[in-house]
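I opened my notebook for a friendly look through this one. Here is what I looked up, in the order I got to it.

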Amino acid sequence: MTLDTRNSHPQISARLKRANGHLAKVIQMLDDQAPPADIAQQLFAVEKAIAIAKRVLIYDHIEHCLSPDGQSDSPDIESFKTITKYL
């Protein structure tokens with residue numbers, strides 16, 4: 001089963017782009033020998049952006065698995081089980 005990301009795709013993409021920007025900043029800060037506390041703050045921002053993007057992706061997939069789309073009378077339990085290991 002594939003995930004229908006039409007509704008969440010822009011939100012996930014925006015969060016990952018934000019994480020990418022924060023990560024580029026971390027690399028630059030390391031090269032510039034920025035204070036460790038400042039680097040840690042940027043790393044925290046990267047982690048947070050990725051975690052939220054992952055959560056949106058997984059929640060959307062779970063909703064899709066548990067909501068029959070008209071083609072089947074039963075939810076896709078196997079796909080649901082598979083993705084829950086990433087929570």
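**Entry 1: a loop residue.** I began with Gln-33, which is exposed because its relative accessible area is 72%. My cut-offs, with a 1.4 Å probe and protein chains only, are buried under 20% relative accessible area, exposed over 50%, and partly exposed in between. Gln-33 sits in the loop between H1 and H2. It is not a glycine, yet Gln-33 has a positive phi of about 55°. I noted for context that most residues other than glycine have a negative phi.

**Entry 2: ground rules.** I am working on a predicted model, where local features need pLDDT of at least 70 and side-chain atom pairs count only at pLDDT 80 or more, while totals for chains, interfaces and linings use all residues. Residues are numbered from 1 along each chain as its sequence is written, and side-chain values use heavy atoms, with hydrogens and water left out.

**Entry 3: the whole chain.** I found three helices and zero strands, in the order α-α-α along the sequence. Helices here are DSSP runs of H or I with at least four residues, strands are E runs of at least two, and both are numbered from the N terminus. Of the 87 residues in the chain, 23% are buried. I also checked contacts between residues at least 6 apart in sequence: 58% of them join residues at least 24 apart. Contact means heavy atoms within 4.5 Å.

**Entry 4: H1 and H2 as a pair.** How do H1 and H2 pack? Helix H1 (residues 9–31) and helix H2 (residues 36–66) meet at an angle of about 160°, and their axes are 8 Å apart. The axes are lines fitted to C-alpha atoms over the stretch in contact, with angles from 0 to 180 degrees between N-to-C directions. H1 and H2 are therefore roughly antiparallel, a label used for angles over 145 degrees. Their crossing is left-handed, which is to say that the near helix is turned anticlockwise from the far one by less than a right angle. The contact includes Leu-16, Ala-19 and Val-26 of H1 and Gln-42, Ala-49 and Ile-50 of H2. By class it has 17 nonpolar, three polar and three charged residues. In this scheme Ala, Val, Leu, Ile, Met, Phe, Trp, Tyr, Cys and Pro are nonpolar, Asp, Glu, Lys and Arg are charged, and the others, Gly among them, are polar.

Entry 5: H1 has 23 residues and reaches 33 Å from its first C-alpha to its last, close to the 33 Å expected. The expected span is 1.5 Å times one less than the number of residues. For the 31 residues of H2 I get 44 Å between the end C-alpha atoms, in agreement with the 45 Å it should span. In H1 the buried residues are Ile-12, Ala-19, Val-26 and Met-29, and they pack against H2. Buried residues of H2 include Ile-39, Val-46, Ala-53 and Cys-65. Their cover includes H1 and helix H3 (77–84).

Entry 6: Is Gln-42 buried or exposed? Gln-42 counts as buried, because its relative accessibility is 18%. Beyond residues up to four places away in sequence, Gln-42 touches His-22, Lys-25, Val-26 and Met-29. Ile-50, also placed in helix H2, counts as partly exposed at 42% relative accessibility. Leaving aside neighbours within four places, Ile-50 is in contact with Leu-16 and Ala-19. Ile-50 and Ala-19 are 31 residues apart in sequence, but 6.3 Å apart in space, C-alpha to C-alpha.

Notes:
Angles under 35 degrees count as roughly parallel, over 145 as roughly antiparallel, 65 to 115 as roughly perpendicular and the rest as oblique.
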